[in-house]
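Below are some notes for a colleague going through this entry. They are grouped by site and can be read next to the coordinates.

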Amino acid sequence: MTGETRRIDVALAAGGAGLLVLPWYHIRSGFWEFDWLGAFLSDDRLWPAVAQLGQGRWQLLPVLALWLVALALRLRQPSAARGKAFVVLGLAGLAWLAFEGMAIGLRGWAIPGADRLIALAGQPAWGAGAILALAMFAALFAFGLAERGVLKGDAFVLGAITALVLLVIAFVGYPLYAMFLSAFQDFRGNFTLDGVSQNIADPAIWRLDCLVGGRCGVAWRTLFLALCTASGSTLMGLVFALAATRTNTRFKAGLRLLTVLPIITPPFVIGLALIMIMGRAGFVTQGIEAITGWHLGRWIYGLPGIWLAQVLSFTPISFLVLIGVVQGVSPSMEEASQTLRSDRWRTFTKVSLPLMAPGLANAFLIGFIESMADFGNPLILGGNGGVLSTDIFFAVVGAQHNPARAAILALILLCFTLSAFLAQRFWLSGRNFSTVSGKGDGGSHARLPRGLEIAVLTLAGVWSAFTLFLYGMIFFGSFVKVWGLDNTLTLAHYHAAFGFSLAGGFTGVAWNSFWTTMGIAILAAPLTAFVGLLTAWLIVRQRFPGKALFEFAIMLSFAIPGTVIGISYVSAFNLPPLQMTGTAMILIMCFVFRNMPVGVRGGIAAMSQIDGSLDEASLMLGGSSARTLRKVILPLLRPAILAALVYSFVRAITSISAVIFLVSAQYNMATAYIVGLVENGEYGVAIAYSSVLIVVMMVVIGGFQLLVGERRIGRRDARGPATPRPVAPIKEEIAT
Amino acid sequence: MSAREKRGAVVFDDIRKDYGSFTAIPQLNLSVEPGELVTLLGPSGCGKTTTLRMLAGLETPTSGRILIGGTDVSRLPPNRRDVAMVFQSYALFPHMSVAANVAYGLEAGGLGRRAARAQAEKGLDLVGLSAMGDRLPAELSGGQQQRVAVARALVLEPQVLLLDEPLSNLDARLRRKVRTEIRELQQRLGFTAVYVTHDQDEALAVSDRVVVMREGRIEQAGTPRELYEAPASEFIADFIGESNIVDCTVEKVGDGLAEIRLGGQRITVPTRSTATGPARLSVRANAISLSGPAAGQDGASGRVRSAAYLGDHVEYEIESDLGQLFAIDHANATPYAVGSDLALTFRAAGLALLP
Ligand SMILES: Nc1ncnc2c1ncn2[C@@H]1O[C@H](COP(=O)(O)OP(=O)(O)O)[C@@H](O)[C@H]1O
Ligand SMILES: [Mg+2]
């Protein structure tokens, strides 16, 4: 068939370009600047692979040889044997490139003693040519499998799986591996156990003095904080879920608004607002001090303050998880209990609550992971008692610059969150009571016991009022000259951040990071949505060996805290073979692989609603799987796609934990810039900037909902009620 | 003490139920004798479940009174009424063992844990599940779950047992068996039961009395025989065993009997009215005997439009002088071909004059 030959031709041509034409190695000033074109002939660092052979870089000879073999194979007739040869050749090419890339560094062999075998010059990181060669080998591998008839010879599916697996290895697996290695290295990159042995038993991490009145190590404090935050946010989430579904409140619409807030709020903003109210200059602190004469000082700093900020930040997430759980309890269970001589209180404690237990545990674990991963609030409120995520940060950027320590702290943090993730995955799965099947009775949920109802409504009311008050403070505070000292209204902070004039252009200090942030978010969003939905499609619609593992690995990356991602990206991408620190690319890749699991989840949810017979119908009508995806699945998934786009856009703007390790002077992101402002004590400008971000994202989300909402009305006749709900995906993504 | 105040007696007194602006039950008056099994029967959406739930206390009537055993319970919550309910979905608590499920109501009633378990054991014995106490509901078959639900309600020894379509989650074969079991249990223990179903076979099979509802009103109440043999309306005639409704003429009335002319045939049927002249008549599908046209008969003549062979009988759609008729023929093993002409005669046993 011509299609088969053509795709192999394209792969070989791309490989040829990579080997013979394009610069093989990384270019400092950036490939896309194209200023290398001028110096292409004169500068040997810009030469393609063939020319590099002349420079004594014999490690590229096998690559060239493999490409020539592939060309020869291309002339043969397609057959299972040729397919097998391509598979072997592709694997060999990938393996060799990975090996030579890791083994030969900037200064030659990285393996001690290897230069006695053959002396080689050092080499920079992979560049455009090398990337194309890698892509060619991956493609030959996939096409070879297709030619052998694997997965019914579906080259598109095989190619997608190969590409995704390689990308996940490169951008999730390899960084973690590099971070792990860096725990065993000294400053010069030599193997040593010193760092590990010093740090792993460090009393600053593990001591338990708080049991006898002192201070505990950072690991225990983080764990303790996470447990408290998880309890607090689960409790408040349950309170809100009960208030929304089991009482006759009129502020249900307000509750919906509350659930959008965490999506659009940069994670440290709540902490900032708390400082404004209860910090040293906060009016609550000053009021209490004035009345009682106590000295509160920096009371909000440290674990209690972080805890409060985290519970405020994560309660909406917990609410979104639990509202489904509370509604999932079948009303007939509660009615049955009532007809069995039980009053409302007994019904609640003996039936409703036990039925919600697995959901509550799930919300607890999510709160636990979120708290562990939180970086913004501890950074702002930690004072001198930080948690693991901030200690990791200070171990790299601080005066102590100790990457081995950072790596070890990151590993400890990773152990905690992965345990929680595994617990959620294996212990909780299959313990869900809320989906007991059988023909329903309809019926209505029991009202809450009166005392509980009053308590729930009071708590929910107070908490909502407090949250709204905090947000009000942020907006108000951005218009005040010096918070707590000089309360005259002013636009000075906005002017400082976003000032512009016809003569001077954008003079505000925030513009630079603002435009970078927008640009990177806009680039990352479609990539994230694409990778996420493609993965979801493979998981829902295709069968292939190792699929369960594939899905598991992807979801696992969701449990990796941002700080760990950040430090591992720094460890991995600072040096060849993949050198990306200081570029926009590293930020984009970080966002794509950090937010992808969310796109995957949304895609899985949306795709499971679309009947598989639609795909089969398309395939029976002669469409290829790529065509089916494009013409049948994607149009039906439009709401999910939009949701994934908006979500990844917003996340790219609000996230801080990984980003703060990866920004550079050239590519600074808004959140990192704001944190810098806070550290310099410029609160006014920081909250003015945060307010602008929140408003921008409100506009984006509002516009998105309008867009999807109208679409839906326009198509109701054609598609009926089966249309996936448009607002839901965003919320569900947050919730899970 | 009148029968209406005895333990187990139920009275609906001018009950009305509105859902917002929609009136589900306009005005309902009904009483159930102690020890009686009454079925609420009717098409979906006619208000059966609503009626039952008002009796259970899960729904509050908009106006009117409900009495159980002579006590006004209209404003009492479900746990303070002496009733128990078997839910359509069984509503077994998935996080408790079967025994714990059955003991749940007993413990709530103030019985000690041990005594409650002992009682529960007896209850499970009653439905033949004594070996299953330690299992979780999900580990039982549908029929067993159904019996647990019955046991869980019965151990409370309620004045009235309420069952809302208790068989609808079972397959057809099991349904017949379980409905017999429920009826036997009810007769053996002698409790009052209100049973909701939309299946007329089921209603006729288990009930002392059937209450047919339509759009929130009682259309007719009576024993299964009364409903079948003397339907009070076309709706009942059609709903209880399929009927053809045809025109006839009443020629003579006397002693509760009427002589009618149906096509060319004269027949005597029971009647409650004294009027003569044109009337409507319900003709059961199996009250029509079919024969070849040669017989030269005095009934009606018709032509077969369609025939369905169903093993022990054949169902026909017949175009006749009296209109379109649906007939079931048990007599002839070889079906008449579509398009063949037939002579029809009517058997008095399957005819009922409609008021
Ligand atoms: N909670 C409710 N709110 C509004 N209408 C209801 C509610 N429950 C039942 N109805 C309506 O009342 C009527 C009777 O319902 P129901 O008693 O469930 O019928 P069925 O005879 O099928 O059991 C139906 O039209 C139904 O739509
Ligand atoms: Mg019903």
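**Ligand 1 and its surroundings**

1. An N or O atom in the side chain of B:Thr49 sits 2.5 Å from an oxygen atom of ligand 1. Bear in mind here and below that the model is predicted. On the nitrogen side, a nitrogen atom of ligand 1 is 3.4 Å from an N or O atom in the side chain of B:Tyr19.

2. How much of ligand 1 does the protein bury? Taken alone, ligand 1 exposes 560 Å², and the protein buries 59% of that.

3. The residues around ligand 1 are B:Tyr19, B:Phe22, B:Ala24, B:Ser44, B:Gly45, B:Cys46, B:Gly47, B:Lys48, B:Thr49 and B:Thr50. By class, this shell has four nonpolar, five polar and one charged residues. Of the elements, α1(B) gives the most, with three residues.

**Helix packing in chain A**

4. Helix α23 (residues 547-556) and helix α25 (residues 584-609) of chain A have axes that come within 8 Å and cross at roughly 125 degrees. The two helices, α23(A) and α25(A), are therefore oblique to each other. From α23(A), the contact uses A:Glu551, A:Ile554 and A:Met555, and from α25(A) it uses A:Met596, A:Pro597, A:Val600, A:Arg601 and A:Ile604. By class, the residues of this contact are six nonpolar, no polar and two charged.

5. For helix α12 (residues 269-278) and helix α13 (residues 283-292) of chain A, the axes come within 4 Å and cross at roughly 25 degrees. Because angles under 35 degrees count as roughly parallel, α12(A) is roughly parallel to α13(A). A:Met276, A:Ile277 and A:Met278 of α12(A) meet A:Phe283, A:Val284 and A:Thr285 of α13(A). This contact has five nonpolar, one polar and no charged residues.

**Backbone points to check**

6. Most residues other than glycine have a negative phi, and most peptide bonds are trans. Two places in chain A deserve a look on these grounds.

7. Which residues does a cis peptide bond join? The cis bond is between A:Pro576 and A:Pro577, with omega about 5 degrees. A:Pro577 is placed in the loop between α24 (562-573) and α25 of chain A.

8. A:Lys152 has a phi near 55 degrees, a positive value in a residue other than glycine. The loop that holds A:Lys152 runs between α6 (128-147) and α7 (155-182) of chain A.

Definitions and conventions. Residues numbered from 1 in each chain as written. Chains lettered and ligands numbered in written order. Predicted model: local features only at pLDDT ≥ 70, side-chain atom pairs only at ≥ 80, totals over all residues. Heavy atoms only, no water. Axes fitted to C-alpha atoms, helices over the stretch in contact; angles between N-to-C directions. Parallel < 35°, antiparallel > 145°, perpendicular 65-115°, else oblique. Contact = heavy atoms within 4.5 Å. Nonpolar A, V, L, I, M, F, W, Y, C, P; charged D, E, K, R; others polar. Near = heavy atom within 4 Å. Polar contact = N/O pair within 3.5 Å; in protein donor to acceptor, adjacent residues only side chain to side chain. Areas by Shrake-Rupley, 256 points an atom, 1.4 Å probe, with all protein chains shown as cover.
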